[in-house]
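Good morning, and thank you for coming.

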Amino acid sequence: MAEEYKIPQHVAIILDGNGRWAKKRHMPRNYGHKVGADNLEQIIEDAWNLGIKYLTVYAFSTENWKRSVEEVTGLMTILRDFLRRSIDKANKNNMRVRVIGDRTRLDKDIIEAIERLEEASGNNTGLQFIVALNYGGRDEITRAVKGIVSDVKSGLISEDDITEDFISSRLDTGGIPDPDLLIRTSGELRISNFLPWQISYSEFYFCETPWPDFNKESLKEAIDYYNGRDRRFGGV
């Protein structure tokens with residue numbers, strides 16, 4: 001009897017290759033980011049139709065501020081447009097949207113747009129879509145540790161309360177299951193500070209396809225790869 005084909009419950013994706021995709025077409029990098037954002041909307045729909053329940057994407061890292069002012073400004077413009085459109089799309093598709101990362105460096109109108117989107121979609125029960133924005137895994141862990149230390153000092157918790165599960169609950173992804181599958185597009189073979197705690201036992205899939213060209217068939221190929229893995233979680 002053939003083994004059951006498994007759809008990963010939680011897929012995380014590093015959306016890489018937008019700028020290089022645009023450069024090959026003699027277009028500005030932000031054109032690639034715009035096409036990549038449009039592609040994300042399609043992949044969100046494809047993921048849900050394939051049976052994926054959680055989708056987390058790396059949209060903007062804490063290190064991305066080092067890029068040119070022109071590119072960062074363009075990315076924030078694309079983000080504003082994406083957030084604005086997402087309320088209607090989320091409610092139409094019963095999708096819940098959450099944003100992880102440090103919001104303090106974002107402009108006030110972007111923070112307010114995030115809050116409106118999270119509130120508007122908070123009761124939706126379809127795809128759980130998580131956007132990592134001004135996110136860095138080390139920064140996330142540092143913020144969590146500072147909060148835990150503060151609670152210990154104030155007597156709210158004791159050292160004995162600090163377990164792996166407790167630390168997980170204090171991360172930005174508290175309450176969200178760890179990714180089963182991590183995908184990175186465009187040929188790079190590193191995680192770039194993305195969910196280092198959460199992907200301890202994730203399967204990794206790297207493909208040459210740049211993000212703007214990544215489609216439903218690409219996602220299915222990644223899931224096929226996932227099905228070929230023997231997930232032992234440290235056991236035999």
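Let me begin with a term: two strands are said to pair if DSSP finds at least two bridges between them. On that basis strands S1 and S2 pair, in the parallel sense and over five bridges. Please bear in mind throughout that this is a predicted model.

Let us stay with strand S2, which covers residues 54–61. On one side, His10 stands opposite Tyr54 of S2. S2 also pairs with strand S4, residues 128–135, again in the parallel sense, over seven bridges. There, Tyr54 stands opposite Gln128 in S4. How many of the eight residues of S2 are buried? Seven are, and the strand is thus mostly covered.

That brings me to the interior. In general, nonpolar side chains tend to be buried together in soluble globular proteins. Here the largest nonpolar core has 41 residues, and those with the most contacts inside it are Ile13, Leu55, Phe129 and Ile183. Helix H3, residues 69–92, supplies the largest share of this core, seven residues. A second, separate core has 13 residues, among them Tyr135, Phe194, Leu195 and Ile199. To return to Leu55: setting aside residues up to four places away in sequence, Leu55 touches, among others, His10, Val11 and Ile13, and also Leu127, Gln128, Phe129 and Ile130.

I turn now to the aromatic rings. The structure holds nine aromatic pairs. One of them joins Trp21 and Tyr31, whose ring centres are 5.9 Å apart. Why does this pair count as stacked? The planes stand at 20 degrees, and planes under 30 degrees apart count as stacked. Trp21 lies in helix H1 (residues 18–24) and Tyr31 in helix H2, so the pair ties together parts that are ten residues apart in sequence. Trp21 is buried, at 10% relative accessibility, whereas Tyr31 is partly exposed, at 36%.

Another pair is formed by Tyr58 and Phe194, with ring centres 4.4 Å apart and planes at 10 degrees, so this pair is stacked as well. Tyr58 belongs to S2 and Phe194 to the loop between strands S5 and S6, so the pair ties together parts that are 136 residues apart in sequence. Both residues are buried. Ring pairs also bring in Tyr135, linking it with Tyr58 and Phe194 into a cluster.

A word on helix H2 itself, residues 29–50. Its 22 residues reach 31 Å from the first C-alpha to the last, close to the 32 Å expected at 1.5 Å a residue. After H2 comes Gly51, with a positive phi near 105 degrees.

Next, consider Asp16, in the loop between S1 and H1. Is Asp16 buried or exposed? Its relative accessibility is 14%, so Asp16 counts as buried, the limit being under 20%. Its side chain makes a polar contact of 3.0 Å with that of Arg20. Beyond residues up to four places away in sequence, Asp16 touches Arg184, Thr185, Ser186, Glu188, Pro210 and Trp211.

Asn227 is partly exposed, at 24% relative accessibility. Which residues does Asn227 contact, leaving aside neighbours within four places in sequence? They are Glu4, Tyr5 and Lys6. Finally, the C-alpha atoms of Asn227 and Glu203 are separated by 10.0 Å, the two residues being 24 apart along the chain. Thank you.

Methods. Residues are numbered from 1 along each chain as its sequence is written. This is a predicted model: local features need pLDDT of at least 70, side-chain atom pairs count only at pLDDT 80 or more; totals for chains, interfaces and linings use all residues. Side-chain values use heavy atoms; hydrogens and water are left out. Buried means under 20% relative accessible area, exposed over 50%, partly exposed in between (1.4 Å probe, protein chains only). Contact means heavy atoms within 4.5 Å. Helices (H or I, at least four residues) and strands (E, at least two) are DSSP runs, numbered from the N terminus. The expected span of a helix is 1.5 Å times one less than its number of residues. A nonpolar core is a set of buried Ala, Val, Leu, Ile, Met, Phe, Trp, Tyr and Cys residues joined through side-chain atoms within 4.5 Å. Rings of Phe, Tyr and Trp (its six-membered ring) pair if their centres lie within 6.5 Å; planes under 30 degrees apart count as stacked, over 60 as edge-to-face and the rest as tilted. A polar contact is a pair of N or O atoms within 3.5 Å; within protein, one must be able to donate a hydrogen and the other to accept it, and residues adjacent in sequence count only if both atoms are side-chain atoms.
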